[in-house]
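Here are my notes on the model you sent over.

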Amino acid sequence: MYYKAPGCVHVLDPEVDGFNQTIPIIDREAALLTNKARILPQSGDLTGLDNTLFGAEPGKNWCWYYEHADLARQQRDWKTVAHLGDEAFALSDHPNDPMERIPFIEGYAHQSEWEKALRLTHEMLEVTPMMNNPLCALWQRIEREIAPGAANKTAVAEASALLDCTFLPNKTE
């Protein structure tokens, strides 16, 4: 897991966060140890938790949407990811870390909402060019996992034209 205020807590993704130059190298290396099978998607009984230590459960702010969308992404529930993205981006709140767009890009891509996925990709690069490498890894995963089709191929080609992925071997070959 990784947390740096004012960003949200996120579970490190070994395939994408390994290329995230905005986090320390030790965390990039630790991302390789991520075991999503150990994440329990259903919340347990939280009534026994001491609010003095943990605080009250937060309301539905940006981080709530991001963290729920990332959990849905880990479960490959793309419809939920896209739905949460639509709700989150309608808020007056916004991502505090460019990496917080990752689950939504992937969710929109798997739902064939290419315009949204590409817009968020552009936004990440506008925040910082350091997002190029994680985006390359993400778009290679998207290309590998989505069903072949003209619209899919066009969107992946547009993302590839936007990104410089010469550093990363193409895993689809």
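1. A definition to begin with: helix axes are lines fitted to C-alpha atoms over the stretch in contact, and angles run from 0 to 180 degrees between N-to-C directions. Two packed helices are described by the angle between their axes and the distance between the axes. Helices here are DSSP runs (H or I, at least four residues), strands are E runs of at least two, and both are numbered from the N terminus. This is a predicted model, with local features needing pLDDT of at least 70 and side-chain atom pairs counting only at pLDDT 80 or more, while totals for chains, interfaces and linings use all residues. Residues are numbered from 1 along each chain as its sequence is written, and side-chain values use heavy atoms, with hydrogens and water left out.

2. The overall picture. The chain has 8 helices and 0 strands, so from the N terminus the order reads α-α-α-α-α-α-α-α. Of its 173 residues, 42% count as buried; buried means under 20% relative accessible area, exposed over 50%, and partly exposed in between (1.4 Å probe, protein chains only). Contact means heavy atoms within 4.5 Å. Among contacts between residues at least 6 apart in sequence, 64% join residues at least 24 apart.

3. Now α5 with α6. Their axes are 7 Å apart and the packing angle is about 155°. The crossing is left-handed, meaning that the near helix is turned anticlockwise from the far one by less than a right angle; clockwise would be right-handed. On the α5 side you'll find Ile 102, Phe 104, Ile 105, Tyr 108 and Ala 109, which meet Trp 114, Lys 116, Ala 117, Leu 120, Thr 121 and Met 124 of α6. By class, this contact has 9 nonpolar, 1 polar and 1 charged residues. In this scheme Ala, Val, Leu, Ile, Met, Phe, Trp, Tyr, Cys and Pro are nonpolar, Asp, Glu, Lys and Arg are charged, and the others, Gly among them, are polar.

4. Is Thr 121 buried or exposed? At 0% relative accessibility, Thr 121 counts as buried. This residue lies in α6 (residues 114-127). Leaving aside neighbours within four places in sequence, Thr 121 is in contact with Ile 105, Leu 135, Trp 139, Leu 162 and Leu 163.

5. The α3/α4 pair: helix α3 (residues 62-74) and helix α4 (residues 78-89) have axes that come within 8 Å and cross at roughly 165°. That makes α3 roughly antiparallel to α4, and this crossing is left-handed. Among the contact residues are Trp 62, Trp 64 and Tyr 65 of α3, and Trp 78, Thr 80 and Val 81 of α4. The residues of this contact divide into 10 nonpolar, 2 polar and 2 charged.

6. Which side chain joins Glu 106 in a polar contact of 2.9 Å? The partner is Arg 141. A polar contact is a pair of N or O atoms within 3.5 Å; within protein, one must be able to donate a hydrogen and the other to accept it, and residues adjacent in sequence count only if both atoms are side-chain atoms. Not counting residues up to four places away, Glu 106 touches Arg 73, Trp 78, Leu 138, Arg 141, Ile 142 and Glu 145.

7. Glu 145 belongs to α7 (residues 132-145) and is partly exposed at 29% relative accessible area. Its side chain makes a polar contact of 3.3 Å with that of Arg 76, and another of 3.3 Å with the side chain of His 110. Glu 145 and His 110 are 35 residues apart in sequence and 8.4 Å apart in space, C-alpha to C-alpha.

8. Some backbone details to check. Arg 76, in the loop between α3 and α4, has phi near 60°, a positive value in a residue other than glycine. Ser 112, in the loop between α5 and α6, also isn't a glycine and has a positive phi of about 60°. The peptide bond from Ala 5 to Pro 6 is cis, with omega near 5°.

Terms used: Parallel < 35°, antiparallel > 145°, perpendicular 65-115°, else oblique.
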